[in-house]
Structure formats: C-alpha cells, structure tokens
Amino acid sequence: MYPIKFKPILKERLWGGTKLKTLFNKPIESDITGESWEVSGVPGDISVVANGALEGKSLQELIDLYPNELLGKHVHQRFGRDFPILIKFIDAREDLSIQVHPNDKLAKERHNSFGKTEMWYVLHADAGAELIVGFNKTVTKEEYQQHLDNGTLTDILNYEKVKDGDTFFINTGKVHAIGKGIIIAEIQQTSDITYRVYDFNRRDKNGNLRELHTELALDAINYEKKNDFKVQYSQNANEVNKVVNCPYFITNLLPLTAGFEKSLAQDDSFHIYMCVKGEGTIGDGTTELPIKQGETVLFPASCHKLEVKTKGMDLLEVFI
C-alpha cells in the first residue's frame with residue numbers, strides 16, 4: 001500500500017458554481033458543480049484510485065482485499081468493510097437549502113444508514129458571507145412548525161458571518177445551511193441522508209420545486225439553542241493543531257512553512273490529508289506525491305510515516 005489519490009466524483013447542484021475548476025482545477029464540465037467528493041465509500045459513488053499500481057481499483061475493492069492494511073485493525077473491527085467517512089470540497093455559488101441530518105439511531109431505523117455528523121472548514125468566504133447554524137432561540141416543535149407553515153422559518157434561525165479558516169462542527173439534529181460565496185472542506189460520517197426543510201421556493205432546471213422532507217425532519221431536529229458549533233483551535237506553525245475530536249473522526253490542522261515529519265503508526269488508522277492552502281509534496285518515505293490546494297491524499301493504515309516538503313501549505317489531517 002502507498003499514499004493514494006482518487007478521481008474526484010463531481011456533483012451538479014442547483015446552488016453550485018465553477019470555483020472547483022477555477023480555483024482547484026477540478027475537471028468539471030458544468031457551471032453548477034457544487035461538490036467534489038474526494039474520498040467516498042457511499043454505495044453508487046465509490047472512489048476510484050487515480051495513481052500508482054492500484055490505479056483503476058475502487059476504494060471498496062481495496063478494503064475487501066486489504067481491510068486491516070487500508071483501514072487499520074481497530075477501524076476494521078468497528079466498521080467492518082464500510083469506509084466510515086466521506087470527504088468533500090463544496091462550492092456554494094448560491095445559498096444551500098436549510099436542512100438537518102438524523103442521528104445514528106434514527107438513520108438506522110429509517111434508512112439502514114449511519115447518521116451524519118459533520119464539520120466544515122472554510123477555505124474561502126466572500127465579504128459578508130454567512131452560514132445558518134441552529135436556532136437563535138430555543139423553540140418548541142409546534143413553534144417551528146408554525147414558522148415553517150407561515151414562511152417565516154428564517155426569523156428563528158441563527159446566522160453566522162464567516163471568514164477563511166473558520167471551522168464549524170455540526171451535530172446531528174442541528175438545522176444548518178451553507179450560504180452563498182463560501183467554499184468549504186467537509187468531513188462527515190459516510191451517509192447521504194439529508195432532510196431538506198426549506199429551499200426558498202427555488203425551482204430546478206426543469207421548473208420543479210425540490211422535494212422537502214418536512215415530516216421526517218420533525219423528529220430529527222434538536223430545537224434547543226446551543227452555541228456548540230464554532231470551533232476554537234490553535235494555528236501554531238509546523239505543529240499538529242487539534243481541531244475536532246469526536247466519536248466519528250479526528251481532525252487536525254497542520255500549518256506548514258517548511259519540511260515536516262510525523263509518525264502515524266500509533267493511530268492504527270488510515271489518514272486523509274486535504275490541502276486547504278498552498279502546495280508541496282507529501283509521502284510516506286517511499287512514495288512521494290505532489291499536492292496543492294483542493295487536492296486530497298489517503299494514507300492507508302500500513303503507511304507509518306508522513307513526510308512533507310513545502311515552503312507554505314496548510315493540511316487538514318483526518319483519521320479515526
């Protein structure tokens with residue numbers, strides 16, 4: 001096994017744009033490309049290797065052939081042969097719909113799926129750009145329903161102005177939406193279960209309103225106002241800075257201005273590196289790959305060392 005790049009899985013979205021191409025050189029062909037799935041084990045959207053001797057093999061094939069070597073023994077024991085996280089870059093040219101994700105219990109009962117805990121790292125935000133995260137006051141289910149029926153849902157939502165580098169942790173049950181003019185790196189549980197609760201009465205390219213999941217969302221939403229979403233973290237150069245540590249993933253920020261090395265063996269997990277700024281090379285002591293902003297590399301668990309060469313690069317490190 002060696003450090004792996006995957007072919008991006010590109011997704012058209014009503015709210016998408018072209019920045020995944022203009023900024024990250026993704027091979028998009030549409031002016032409404034909203035997402036680049038960088039590492040995915042979602043059925044129907046399995047990542048395919050783009051480099052080295054394993055080129056052309058899917059992530060699922062690699063797990064089936066080398067479960068412990070790729071995932072790590074403790075990850076394999078916990079998740080079986082399911083890849084446990086989904087990694088994306090998202091370009092919001094317009095506001096996304098207001099939505100909520102169910103927790104593990106509800107997702108298992110209804111969809112035989114994982115829930116969808118996620119985090120956002122803001123790579124770029126236009127001046128004045130905002131996110132919606134949670135409510136601006138605690139409400140009851142009945143109050144929420146009334147605002148939804150009256151078309152005044154946005155009156156009770158919490159808006160957060162954002163800038164580059166801001167990070168948000170989105171618990172299941174928290175109503176949220178990415179606002180226009182924002183590019184984020186998204187790290188989440190492997191799940192594509194989203195309940196859309198409000199879409200600003202927009203119509204798709206065929207003139208149809210998009211489906212809402214009003215009833216499903218009612219029991220999934222946490223109606224309590226909680227300021228538990230904005231992540232505060234250090235940004236010390238050439239060090240591992242802890243950002244998020246939750247049951248589903250661990251994320252660190254590595255702001256690098258020079259060469260850097262780190263042992264990975266103690267984690268007994270695959271490691272994913274998302275380049276969110278700058279460029280350089282990344283390797284395990286045997287294989288070395290170029291990496292630049294908007295690119296992602298997966299280190300199988302059998303890669304026990306990280307070696308970076310750069311004059312300036314920020315990496316998000318993700319593992320279980």
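Guide: Start at L65. Its relative accessibility is 49%, so L65 counts as partly exposed (buried means under 20% relative accessible area, exposed over 50%, partly exposed in between, with a 1.4 Å probe and protein chains only). This is a predicted model: local features need pLDDT of at least 70, side-chain atom pairs count only at pLDDT 80 or more, and totals for chains, interfaces and linings use all residues. Residues are numbered from 1 along each chain as its sequence is written, and side-chain values use heavy atoms, with hydrogens and water left out.

L65 sits in helix α2, residues 59–65. Helices are DSSP runs of H or I, at least four residues; strands are runs of E, at least two; both are numbered from the N terminus.

L65 also belongs to a nonpolar surface patch. M1 and Y66 complete this patch, of about 250 Å². Nonpolar side chains (Val, Leu, Ile, Met, Phe, Trp, Tyr) are joined within 5 Å, like charges within 9 Å. Areas come from the Shrake-Rupley method with a 1.4 Å probe; for residues, only the protein chains shown count as cover.

Now the whole chain. Its secondary structure comes to 7 helices and 20 strands. Of its 320 residues, 55% are buried. The C-alpha trace spans about 60 × 40 × 40 Å along its principal axes.

Note on methods: Patches are made of residues with over 30% relative accessible area and no salt bridge: like charges are joined within 9 Å, nonpolar side chains (Val, Leu, Ile, Met, Phe, Trp, Tyr) within 5 Å. A salt bridge is a side-chain nitrogen of Lys or Arg within 4 Å of a carboxyl oxygen of Asp or Glu.
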